[in-house]
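Please keep the sequence and the model at hand.

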Amino acid sequence: MAEKISKVSLDGILELKEKGKRLYKIEELQKPFEDKDIKIKAIVNSKNKIYFYEDKFWFYGYERDNKIRFDSDDHPYFNAYFGQKPQNSFKLYDGYFLGRYGCGGSHRGVGIIERVYNLITASNSRRHKELLDEFDSFYDNIKDNEVYELKEEFGLCNINPKKILESKTTSLPLCEKEKKFIIAFGNWYGQFINKNGEYNRKIKVVRKKEHETAFKKYIQETIKKLEINGFKKCEKYCKQKILMP
């Protein structure tokens with residue numbers, strides 16, 4: 001019977017050279033209205049000590065990089081990942097690109113849209129140039145004395161679109177008028193990429209599928225590390241004594 005218990009990290013328990021029974025266990029943790037999180041436990045029962053590892057793998061515990069990418073449809077996304085990137089990465093299609101900033105997220109959202117606009121204006125892509133032409137046309141067709149409510153909705157008051165659109169700079173300082181312009185572009189752009197609900201579909205279907213695949217791969221890689229180091233799956237054990245699988 002082991003006399004002491006020592007809680008260690010995953011790397012710590014994987015690196016143990018001591019002889020003893022090595023077991024691991026997986027628990028699925030249901031979260032309301034969300035997908036299951038996973039808890040993994042591992043134990044080494046050596047001659048004089050029990051080494052114990054436990055960690056929770058959050059389904060929403062991913063990280064994302066800050067680079068904006070475009071897919072084959074020119075739809076923007078981030079790369080998000082679990083564990084060591086890019087092995088467990090997935091396309092994070094985000095509501096920010098549709099103007100869904102949420103409570104307190106408007107500054108961040110405007111910054112993201114500004115970066116999208118800068119990338120598109122700096123691009124040599126024919127489709128991006130056509131996109132800017134379409135936005136330019138939309139913008140010019142809203143006259144000062146017409147459809148005022150629509151102008152307000154898109155933040156189009158007191159802005160000179162030509163000055164901004166013809167600018168050669170790749171970084172727009174967010175002064176007040178330019179901020180309104182970016183917001184206007186963001187509102188239009190969100191509708192542009194979501195024609196027929198296409199971008200919403202990618203958020204709900206493509207992102208969800210890739211997200212689940214990346215998470216399951218992350219879990220399986222962790223399990224594989226344990227099994228390579230001699231751990232065998234069991235159903236029951238506790239910190240005080242080992243229960244045979």
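R201 and E198 form a salt bridge, with their closest N and O atoms 3.2 Å apart; a salt bridge here is a side-chain nitrogen of Lys or Arg within 4 Å of a carboxyl oxygen of Asp or Glu. The model is predicted: local features need pLDDT of at least 70, side-chain atom pairs count only at pLDDT 80 or more, and totals for chains, interfaces and linings use all residues. Residues are numbered from 1 along each chain as its sequence is written, and side-chain values use heavy atoms, leaving out hydrogens and water.

**Salt bridges**
- R201 and E198 sit three residues apart in helix α7, so about one helical turn separates them. Helices (H or I, at least four residues) and strands (E, at least two) are DSSP runs, numbered from the N terminus.
- R201 is partly exposed at 38% relative accessible area, and E198 is partly exposed at 27%. Buried means under 20% relative accessible area, exposed over 50%, and partly exposed in between (1.4 Å probe, protein chains only).
- Salt bridges with shared partners join K25, E27, K39, K41 and E54 into one network.
- The count comes to 14 salt bridges.
- R126 and E130 meet in another, at 2.7 Å from N to O. They are four residues apart in helix α3, so about one helical turn lies between them.
- E134 pairs with K195 in a salt bridge, closest N and O atoms 3.7 Å apart. This pair links distant parts of the chain: E134 is in helix α3, K195 in the loop between α6 (176–193) and α7, 61 residues apart.

**Helix α3**
- Helix α3 (residues 126–140) has 15 residues and reaches 21 Å from first C-alpha to last, close to the 21 Å expected. The expected span is 1.5 Å times one less than the number of residues.
- H128, L131, L132, F135, D136 and Y139 are buried in α3. They cover an arc of only 135° around the axis, so they lie on the same side of α3. The arc is that of the directions from the helix axis to the C-beta atoms.
- Exposed R126 and D133 are on the face turned away from the buried side.

- K41 is found in strand β3 (residues 37–46) and is buried at 17% relative accessible area.
- K41 and Y53 are 12 residues apart in sequence, yet 5.5 Å apart in space, C-alpha to C-alpha.
- H211 lies in helix α7 (residues 198–228) and is buried at 4% relative accessibility.
- H211 touches F59, Y60, Y62, F82 and F90, not counting residues up to four places away in sequence; contact means heavy atoms within 4.5 Å.
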